[in-house]
Amino acid sequence: MFKKILIANRGEIARRIIKTCRDLNIKTAAIYSDADKDAFYLQEVDETYNIGPANPLKSYLNREAIINAIKEVEADAVHPGYGFLSENHSFAEAVVSNGVTWIGPPPKVMQAIESKCYCREIASRVNVPIIPGTIASFKSLDELYKVIPEFGLPVFLKLDKGGGGKGIEVIKEMDQVKDVWERVLRVGMVAFGSTDCYLEKQVINPRHIEIQFLSDKVGKCICLGERECSTQRKHQKIIEESPSPIVEEKERQALYEYTRKLVMAMGYEGAGTIEFLRSEDGNYYFMEVNARLQVEHPVTEFLAGMDIVKCQIEVAAGGTLNFNQEDVMLEGHAIEARVYAEDPVNFAPSPGKISNLKFPNMESRYLRIDHAIAEGSTVLPYYDSLIAKVIVRDATRLEAIRRMEEALLDFKIEGIKTTIPINLKILKSKEYRDGNFNTSLVEILLERIKA
Amino acid sequence: MEATINAHMPGLVARVTVSEGEFVKKGQTVAVINCMKTELAVISEYEGKVKQIVAKEWDEMDVGSSMIILELDEGKLGHV
């Protein structure tokens, strides 16, 4: 087993990983930017290492600085968390070439998966349904004009190497094509260093359902249920739950089968997620692979009573999964609400100092909160606005919803705006309670509030 | 007369969209601040010529940090 893991991340996910390392008696090293130097979680690790200024390009995305930190603290493994360099294959390769273990899928697999078109091609090869659209990527506006008529409007223009809700735009009318193309191209250049695009037919009123899986080097792939992630704002999830209120057992088994086929075909090892879209008429389409620990992994952990980070570390250390699909017990219902430091109506960022903070009071078998905030601490403008994840679990979906409402009402964060009010509105809505919603739920609710 | 356009939100300067010597209209976007990964436009409340660009790409901004200095059009001061 590893002696010291360096956590190449910050905030709540750094803390989350620290916790498992401590459970496993593995020493931890944390990196931090100048802006994060007073973060309280840095006191929870064995070693800390400054990697540069606030600007993430010069700190948490600065490969050289992080590789240097890895050498300095003599870490024998790196956990990248999510975001930042977590899905960057060349960083993973650099880690490995320094004789350090990468806690994540093999860099070669990561490199392949970075291309959405590669994944679409694999999926179609192993008979997993994909959303109608182009399989090969294209690079010019001319080609875009040429392929649109094949699928008809509305279509999504997506970056082959995009992610995190960025580099995706819908084209509804032909006269938008050029503008959309230029915007997507700019995001590609600035955020992803690639402007290759592909086209996908827009699935109307889709639900976003994903399968969490674990796989190891001997080809065992275990699925840990699905997560319903349709409740989104700005293409990013805000409430997730497991199980999904709409997925029937036979559909779940089909999604498991798709997942196993894709994981095997890609040669994936470690923890990952396969995202699917469900159309209004009940068809499922493979959308993408998330080659990282996901933000919403606690939903599954809480429901399954498992530690996914522990499994990641064990698989990365060369171990095999010592349990089988039949051992996975998913009983009851779990929900996660993401608390963002944002205006709850227009989602404008709201960084600043937390003047008052009170966490909800509830038995730990019902409630888990992953966060890295403290009273008097500052939510920085340089990084993601996610500040806390409230996760509840109970016997039934309705009871879990009730628990979540109770927890959120009892969660007091003052000094900044948070999305707690919209989280509560979602939970209260008839659509959510009935389990009858899709990715436009948040927009619909906001329209209703304005009216 | 001069006027300074300040950051209205904290964050990092994503880009400055005007250049020195350029004439800026009221309501025009002169820079973009990246705050919590969201791009926010910095809008000029004034009309005038860009005298100096103070904010550079990736500079850290607080609310009120100076970004751009404008040379105001004397003839139009009454409208500012």
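**Note on helix packing, chain contact and sheet in the predicted model**

1. In chain A, residues A:Arg16, A:Ile17 and A:Thr20 of α1(A) meet A:Val309, A:Lys310 and A:Ile313 of α10(A); two residues are taken to be in contact if their C-beta atoms, placed from the backbone, lie within 7 Å. This contact between α1(A) and α10(A) divides into three nonpolar, one polar and two charged residues. Here Ala, Val, Leu, Ile, Met, Phe, Trp, Tyr, Cys and Pro count as nonpolar, Asp, Glu, Lys and Arg as charged, and the others, Gly among them, as polar.

2. This is a predicted model, in which local features need pLDDT of at least 70 and side-chain atom pairs count only at pLDDT 80 or more, while totals for chains, interfaces and linings use all residues. Residues are numbered from 1 along each chain as its sequence is written, and chains are lettered from A and ligands numbered from 1 in the order in which they are written.

3. Helix α1 (residues 11-23) and helix α10 (residues 308-316), both of chain A, pack at an angle of about 65°, and their axes are 9 Å apart. Axes are lines fitted to C-alpha atoms, for helices over the stretch in contact, and angles run from 0 to 180 degrees between N-to-C directions. Helices (H or I, at least four residues) and strands (E, at least two) are DSSP runs, numbered from the N terminus. The helices α1(A) and α10(A) are therefore roughly perpendicular to each other; angles under 35 degrees count as roughly parallel, over 145 as roughly antiparallel, 65 to 115 as roughly perpendicular and the rest as oblique.

4. A second pair in chain A is formed by helix α6 (residues 141-151) and helix α7 (residues 177-192), which pack at an angle of about 125° with axes 11 Å apart. The helices α6(A) and α7(A) are therefore oblique to each other. From α6(A), A:Leu141, A:Leu144 and A:Tyr145 meet A:Val177, A:Lys178 and A:Trp181 of α7(A). The residues of this contact divide into five nonpolar, no polar and one charged.

5. Between the chains, the contact takes 10 residues from chain A and nine residues from chain B. On the chain B side, these residues divide into five nonpolar, two polar and two charged.

6. Chain B holds an open sheet of four strands in the order β5-β4-β2-β7, with antiparallel pairing; two strands pair if DSSP finds at least two bridges between them. Its edge strands are β5 (38-43) and β7 (60-61), each pairing on one side only. Strands β2 (residues 11-16) and β4 (residues 29-35) of chain B pair in the antiparallel sense over four bridges. Within chain B, B:Leu12 stands opposite B:Asn34 in β4(B).
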